[in-house]
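Take a look at this model. A short exchange about its fold comes after it.

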Amino acid sequence: MKELRDIVYAYDQATQKGKKTALVTLVHLEGSSYRRPGARMLVDEDGEWTGAISGGCLEGDALRKALLVLAQDQPRLVTYDTSNEDDMELGVQLGCSGIIRVLFEPIDSSNSDNPIELIRRALQFRQASVLTTIFDLNDRQSISVGTCLLLNAQGTLCGKSKNIEIESALHADMKQAIEQHQSRFISYKKDAQDVHVFLELVQAPISLIIVGAGNDAIPLSRIADVLGWDVRVVDGRNSHARPERFEAACQVLVSKPEQVLESVEIDARTVFVLMTHNYNYDKSLLKYLLNRELMYIGVLGPKKRLERMLNEYQSEGVDMDLNKLKQVFAPTGLNIGAETPEEIAVSIVAEILSVKNQRPGGKLRELADGIHSRSDHQMEQRNL
């Protein structure tokens, strides 16, 4: 999400200076790659780029091809085969064992539905949307390819399909991608023609509510900001909850625990970390949080601290849904032996990511299979 924001910002800067730009998008993958489909970079006519489609090994060649696409003013699909370690075409032995398909699109700044404008709309609201990119594996320079449609969770459709033959089926599949919360790859076949489509699920960034404005909250807010998360810090002490102590993009609030939920918006991408070091404050707020559908509630401190809270809730007659306790992580963070505030922040962020991505958070070298499921990139077939 942060990368998309950076790309939109870079596009605005280039457009203001009258520079032409091209969008480079990884649209499909077979095998392994450093980046997944949806990775992007923006290139302007001076060769400046923002974003990345690999770990740095493809960007040089992608830059040259993007400049060529700008000169020709025509989109192009390029296939990189990184599985051949003897292939020196790119000047480096990649050895990633993947076939990467990358789409290069010149951006028409006069078109209000160009790919960057569609991305901008996807970033405007905290709701899931699906961005549609059409590509043609059989015709690498087809003029019908490109990022052309955006559908949000409310059913609002922006842009125009570049292939009216698949329009009806495409709209239905975009809606299903939102409902299933999953990106999809579809090949539509009519007569002898194949049209390939990447339906990319674009989700809002994590909204991290840090409850507690102590010194140990500062590195947590900084790491989350680097990741592009929306960060808010809440504390009952105005001596601690001061904006100048935190990142410029971080909202800082002074609030009593019973008023916190009136001050922040909560959605499916909202997570809380309670780290005030004030037992009564954390206990009071946690009671309200347990009544909400939250992905993650981290509570700093030993497990006995949380057990004491729960016992006191029970003695006070607080009605609790025991299933909601599954969303509470106390102590918060992964077991990496963290001690300093910075190390603890890393462990907390890593645990939030593991929960969001539904991963156990173990060592990658112990995986029996690949890091990412290759079935996620299988091309579904549609006969029209």
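The questions below cover a sheet and a helix pair.

The model is predicted: local features need pLDDT of at least 70, side-chain atom pairs count only at pLDDT 80 or more, and totals for chains, interfaces and linings use all residues. Residues are numbered from 1 along each chain as its sequence is written, and side-chain values use heavy atoms, with hydrogens and water left out.

Reader: Which residue of β10 is the bridge partner of Val130?
Author: β6 and β10 run antiparallel, joined by 7 bridges. In β10, the partner of Val130 is Leu201.

Reader: How is α7 oriented to α8: roughly parallel, perpendicular or oblique?
Author: Their axes (lines fitted to C-alpha atoms over the stretch in contact, angles from 0 to 180 degrees between N-to-C directions) come within 11 Å and cross at roughly 60 degrees. Under 35 degrees is roughly parallel, over 145 roughly antiparallel, 65 to 115 roughly perpendicular, the rest oblique. Therefore α7 to α8 is oblique.

Reader: How many residues of the contact of α7 with α8 are charged?
Author: Contact means heavy atoms within 4.5 Å. Asp, Glu, Lys and Arg count as charged. Among the contact residues are Asp282 of α7 and Glu312 of α8. The number charged is 6.

Technical notes:
Helices (H or I, at least four residues) and strands (E, at least two) are DSSP runs, numbered from the N terminus. Two strands pair if DSSP finds at least two bridges between them.
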